[in-house]
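These are my notebook entries on one protein model. I record what I looked up, entry by entry.

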Amino acid sequence: MSKIKVMSVFGTRPEAIKMAPLVQSLTAAPGFESICCLTGQHRQMLDSVMEIFSLKADYDLDIMQKQQTLSSITTRTILGMDSVLEEAKPDLILVHGDTSTTFAGALSAFYHKIPVGHVEAGLRTYDPYSPFPEEMNRTLVSDIAALHFCPTIANAENLKKEAVRGQIFITGNTVIDAMKTTVRPDYVFQTPELNRLDFASRRVITLTCHRRENYGKPMEDIMQAVRAIVQSHADVEVVYPVHLSPVVQECARKNLGDLERVHLIPPVNVEEMHNLMAKSYLVMTDSGGLQEEAPAMGKPVLVLRRETERPEAVAAGTVKLAGVERDAIYAMAHTLLSDESAYKTMAQSVNPYGDGNACSRIVQAIAWHFGLISAAPADFTPISL
C-alpha cells in the first residue's frame with residue numbers, strides 16, 4: 001500500500017512554530033509521506049524557525065513583497081499553489097490557524113478537490129473584524145476543512161454549534177509540543193541584553209503589543225500603563241521585543257524609551273521568546289500564541305485586548321483579560337506584583353492548552369481517517385500544572 005501524502009502549508013512565524021513539531025511527527029510516522037510547502041508570507045522570521053527545528057521545505061512559493069497587502073498575499077499564494085499541487089498530488093493538505101496563508105492554502109486545496117485538515121480549529125470571537133483578518137480567515141477555513149483539529153473542548157463546541165462538516169478532534173495545542181524542543185534550563189540567550197538581566201533578583205515582565213486593532217489610543221494607554229508599573233515597582237524590569245511596524249516602534253520609543261528598566265529590543269526568534277517567558281515573572285501581551293504558551297510554563301498572562309478567542313484560559317484562571325484602558329491594566333498588574341496569593345492562584349491553575357502530545361493525536365487521527373489504523377485518538381483533557 002502506498003504511503004499517505006500529507007502536505008503541510010504555512011508561511012508565517014507563528015504557523016511555523018506550531019506546525020514544525022507536527023511536520024517532524026509526520027515525517028517519523030510509518031505510512032506517511034510528509035511534504036512541507038512554505039508560502040514565505042513572513043520571510044526572515046519563518047526561516048529562523050525552520051532552522052531551529054531542522055526542517056527543510058520541499059516547496060517554497062517565496063511570495064513576500066515589500067508593502068504586501070492581504071489581497072496580494074492571498075492571490076500570490078493561490079496562483080503559486082496551483083503548480084505545487086499539480087506536481088505533488090497530496091492526499092491531504094494541513095493548514096494552521098487563521099493567517100492569509102491558511103485561508104489561501106485551504107481554498108487552493110478546495111479548488112483541486114484535495115481534503116483539508118485544519119490545525120488549531122474552532123477559535124472564535126464572533127466579531128468578523130476583531131482580530132482582522134484572522135477571525136474571518138479561520139471561519140472560512142472551517143467551511144472548507146474535512147478534518148478539524150481543535151486545541152480545546154470549547155473550540156470543538158464552537159464548531160459543533162456551527163454544524164461544520166467533517167470530523168472534529170480535540171488534540172491540545174501543538175505549541176506545547178514545540179516547547180519540548182525550545183525551552184531548556186541551561187539556555188543561553190543570543191541577545192546580549194537578555195543575558196545581562198538578573199532573573200533571580202528582578203521580576204521580569206515579558207511584554208508584546210502589536211495588533212492592528214490596538215493602534216492609536218489603545219496602544220498609547222497600554223504603554224502608559226506599563227510605564228506606571230515600572231515606576232511604582234522598583235524590582236520590576238520589562239523586556240519588550242518591539243514589532244517592526246513603524247506605528248508600534250514609534251509608540252514604544254515615545255512612551256517607554258527613556259526608562260532604564262524597560263528594554264526595547266528587536267524581535268526575537270522562538271527559542272529566545274520561549275526561554276524569556278520561562279524565566280519571567282509575568283507576561284503581558286496582545287498576542288494569541290503567548291496566551292497558550294505562557295500558562296504551560298506556569299506564568300500568569302494579562303491579555304491586552306478587549307476580547308480573546310482563547311476564553312478557556314480565562315476560565316481556567318491562567319489568563320486575565322486586562323483590556324486596553326490604562327488604569328485597568330495597571331490595577332491588574334499591580335495586584336499580581338503585590339499579592340502573592342493572587343499570583344500563585346494564576347500561576348498554579350490548570351493548563352487548558354495541551355500536554356505535549358497534540359501532534360501524536362493529530363497523526364493518529366489522520367491515520368484513522370485514511371483507514372491505516374482502527375481507533376481514533378482519545379480527546380485531550382486539561383491537566384493540572
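I take contact to mean heavy atoms within 4.5 Å. Helices (H or I, at least four residues) and strands (E, at least two) are DSSP runs, numbered from the N terminus. The model is predicted, so I note that local features need pLDDT of at least 70 and side-chain atom pairs count only at pLDDT 80 or more, while totals for chains, interfaces and linings use all residues. Residues are numbered from 1 along each chain as its sequence is written, and side-chain values use heavy atoms, with hydrogens and water left out.

**Entry 1: helix 9 and helix 10**

I looked up which residues of helix 9 meet helix 10. Met219, Glu220, Met223, Gln224, Val226 and Arg227 of helix 9 meet Val248, Cys251, Ala252, Lys254, Asn255 and Leu256 of helix 10. I sorted these residues into seven nonpolar, two polar and three charged. Here Ala, Val, Leu, Ile, Met, Phe, Trp, Tyr, Cys and Pro count as nonpolar, Asp, Glu, Lys and Arg as charged, and the others, Gly among them, as polar.

**Entry 2: helix 11 and helix 12**

I found that helix 11 (residues 270-279) packs on helix 12 (residues 289-296) at an angle of about 50°, with the axes 9 Å apart. Axes are lines fitted to C-alpha atoms, for helices over the stretch in contact, and angles run from 0 to 180 degrees between N-to-C directions. Met273, His274 and Met277 of helix 11 touch Leu290, Glu293 and Ala294 of helix 12. I counted four nonpolar residues, one polar and one charged in this contact.

**Entry 3: Arg76**

I located Arg76 in helix 3 (residues 70-88). Arg76 is partly exposed, at a relative accessible area of 30%; buried means under 20%, exposed over 50%, and partly exposed in between (1.4 Å probe, protein chains only). Leaving aside neighbours within four places in sequence, Arg76 is in contact with Asp62, Ile63 and Gln65. The side chain of Arg76 reaches the backbone oxygen of Ile63 at 2.8 Å.

Most residues other than glycine have a negative phi, and most peptide bonds are trans. I noted a positive phi of about 65° at Glu120, which is not a glycine, and a positive phi of about 65° at Tyr126, also not a glycine. Is Glu120 buried or exposed? Glu120 counts as buried, at 7% relative accessibility. The peptide bond from Ser130 to Pro131 is cis, with omega near -5°. A cis peptide bond also joins Phe132 and Pro133, with omega about 0°.

Methods. A polar contact is a pair of N or O atoms within 3.5 Å; within protein, one must be able to donate a hydrogen and the other to accept it, and residues adjacent in sequence count only if both atoms are side-chain atoms.
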